[in-house]
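Subject: Structure handover

Hello,

Here is the structure for you to look over.

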Amino acid sequence: MRAALALARRGLGLVWPNPAVGCVLVRPDLGGRVVGRGWTQPGGRPHAETEALARAGEGARGATAHVTLEPCAHHGETPPCVEALIAAGIGRAVVALEDPDPRVQGRGLSRLREAGVSVSLGICEGEAADLNAGFLLRQRVGRPLFTLKSALSLDGRIALAGGTSKWITGEVARAHAHRLRDRHDGVMVGIGTALADDPELTCRLPGGTRRPSVRIVVDSRLRLPSSSRLVRGAADVPTWVIVAEGAEPKRRSELVDRGVTVIEAEPGPDGRPLPASLARELAKRGLTRVLVEGGGELAAGLLKAGLVDRLVCFRAPRVIGGDGIAAIAGLGQGALIDTKDFVRADVRAVGVDLLEFYRRRD
Ligand code: AOF
Ligand code: ZN
């Protein structure tokens, strides 16, 4: 199952709205020989099991299938994986986690049992749920997983007082940040950051990507200029702008003409899209994992709304000082018990910088 989880991980950021699944077919009668491996392909299909079965061919007869998510039982865009597994003659299925998709939800497992396949459920369930946390949140709660990424100075600043923020962290951390983009379905910034940095928000790694992440700007009043890199690239890389309902129609059609998708979200009392509403809109369009790259206002809004699930901080060995810009805007928390708390899950050196990884304390 650990091998299947590692295969599944390859699909992260590439398979939305589908989950990233891995499958390993093993023949117990051949001393545990692996006869097929597969993982969900970019765009979400073919599914992992279909891929593994294709590799195994006749070798799948009598095999044990290790799958990180309950095989699907529905006729969707592809025929059900359970039927393919049964037809191939597997003897046993070891499944990490039940699929919460209402079209599946246990039906895959009962269909396997009906066909005489012995089923074990719950092997490495925690790891599988963590891997597909975005898919599970979208299915169960109707929102994507949000990871907040910041490149910080030692003293928690993301820019100089004048706004200069390029290259706070070193080269290794920046390459790592590009990989993070690739592993998320969407990369999101606030309009302040879009105006200050004119970012491209693409994954620029050697070898490129098999599916570009959606670039998302939260821009209540549509201030994103047509001359920005984001708009100029919108014909080639999916680019979504989230506006508050009632944003100016003329600007909207200008952006739409350039290939931008304009999405309306419900405005809060400050006129900005409500975090819960924008989260719902992103999930509706299929996103399961969103990387938030700032700025401080957007980060604060999401944190206040309890929507930040994971935090990735790249901490550079330099001091900017209290006149620099804070990574997270004011939260107005009166007491320590009100603070947003996280649990550290990892810390390691990336070049000259430090990477810290946290999860929300639930
Ligand atoms: C699997 N193996 O690798 C994946 C599964 O639109 P479709 O037909 O591709 O179905 C999408 C649903 O299939 C998705 O919501 C989830 O329940 C399941 N995804 N299932 O057996 C896979 N990616
Ligand atoms: Zn399937």
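Below is what was found, starting with the ligand and moving out to the rest of the chain.

A caveat before the details: this is a predicted model. All values are computed from it.

**Ligand 1**

- Asp99: a side-chain N or O atom is 2.4 Å from an oxygen atom of ligand 1.
- Asp101: a polar side-chain atom is 2.5 Å from an oxygen atom of ligand 1.
- Glu49: a side-chain N or O atom is 2.7 Å from an oxygen atom of ligand 1.

Ligand 1 on its own exposes 520 Å². The protein buries 97% of that area.

As background, most peptide bonds are trans. Two cis bonds are worth a look here.

Arg45 and Pro46 are joined by a cis peptide bond, with omega about -10°. Pro46 sits in the loop between S2 and helix H2 (48–56).

Trp16 and Pro17 are likewise joined by a cis peptide bond. Omega is about 5° there. Pro17 belongs to the loop between H1 and S1.

**Rings and a charge**

Trp16 turns up again in the ring analysis. The count is one aromatic pair. Why is the pair of Trp16 and Trp240 edge-to-face? The ring centres are 6.5 Å apart and the planes stand at 85°, so the pair falls in that class; the cut-off for edge-to-face is over 60 degrees.

The pair links distant parts of the chain. Trp16 lies in the loop between helix H1 (2–9) and strand S1 (22–27). Trp240 lies in strand S10 (residues 239–244). They are 224 residues apart. Are these two residues buried or exposed? Trp16 is buried, and Trp240 is buried too.

There is also a charge over a ring. Arg10 lies over the face of Trp39, 4.4 Å from the ring centre.

**Positive phi**

Most residues other than glycine have a negative phi. Two residues to check against that are Gln105 and Asp198, neither of them glycine, and both with positive phi.

Gln105 has phi near 35°. Its place is the loop between strand S4 (92–95) and helix H4 (107–114). With a relative accessible area of 46%, Gln105 is partly exposed.

Asp198 has phi of about 45°. This residue is in the loop between helix H8 (191–197) and strand S9 (214–218). Asp198 counts as partly exposed, at 24% relative accessibility.

**Positions and C-alpha distances**

- Arg33 is in strand S2 (residues 33–39). Why does Arg33 count as exposed? Its relative accessibility is 51%, and the cut-off for exposed is over 50%. Arg33 and Ala63 are 30 residues apart in sequence, with their C-alpha atoms 9.4 Å apart.
- Thr50 is in helix H2. Its relative accessible area is 37%, so Thr50 is partly exposed. Thr50 and Trp39 are 11 residues apart along the chain, and their C-alpha atoms are separated by 8.7 Å. Trp39 is the ring that Arg10 lies over.
- Arg183 is in the loop between helix H7 (171–182) and strand S8 (186–190). At 33% relative accessibility, this residue is partly exposed. Arg183 and Val290 are 107 residues apart in sequence but 9.2 Å apart in space, C-alpha to C-alpha.
- Leu274 is in the loop between strand S11 (261–265) and helix H11 (275–284). Leu274 is partly exposed at 30% relative accessibility. Leu274 and Ala244 are 30 residues apart along the chain, with 8.4 Å between their C-alpha atoms.

Best wishes

Terms used. Residues numbered from 1 in each chain as written. Chains lettered and ligands numbered in written order. Predicted model: local features only at pLDDT ≥ 70, side-chain atom pairs only at ≥ 80, totals over all residues. Heavy atoms only, no water. Polar contact = N/O pair within 3.5 Å; in protein donor to acceptor, adjacent residues only side chain to side chain. Areas by Shrake-Rupley, 256 points an atom, 1.4 Å probe, with all protein chains shown as cover. Phe/Tyr/Trp six-rings, centres within 6.5 Å; stacked < 30°, edge-to-face > 60°. Helix = DSSP H or I, 4+ residues; strand = E, 2+ residues; numbered from the N terminus. Buried < 20%, exposed > 50% of the residue type's maximum accessible area, 1.4 Å probe, protein only. Lys NZ or Arg CZ within 6 Å of the ring centre and 35° of its normal.
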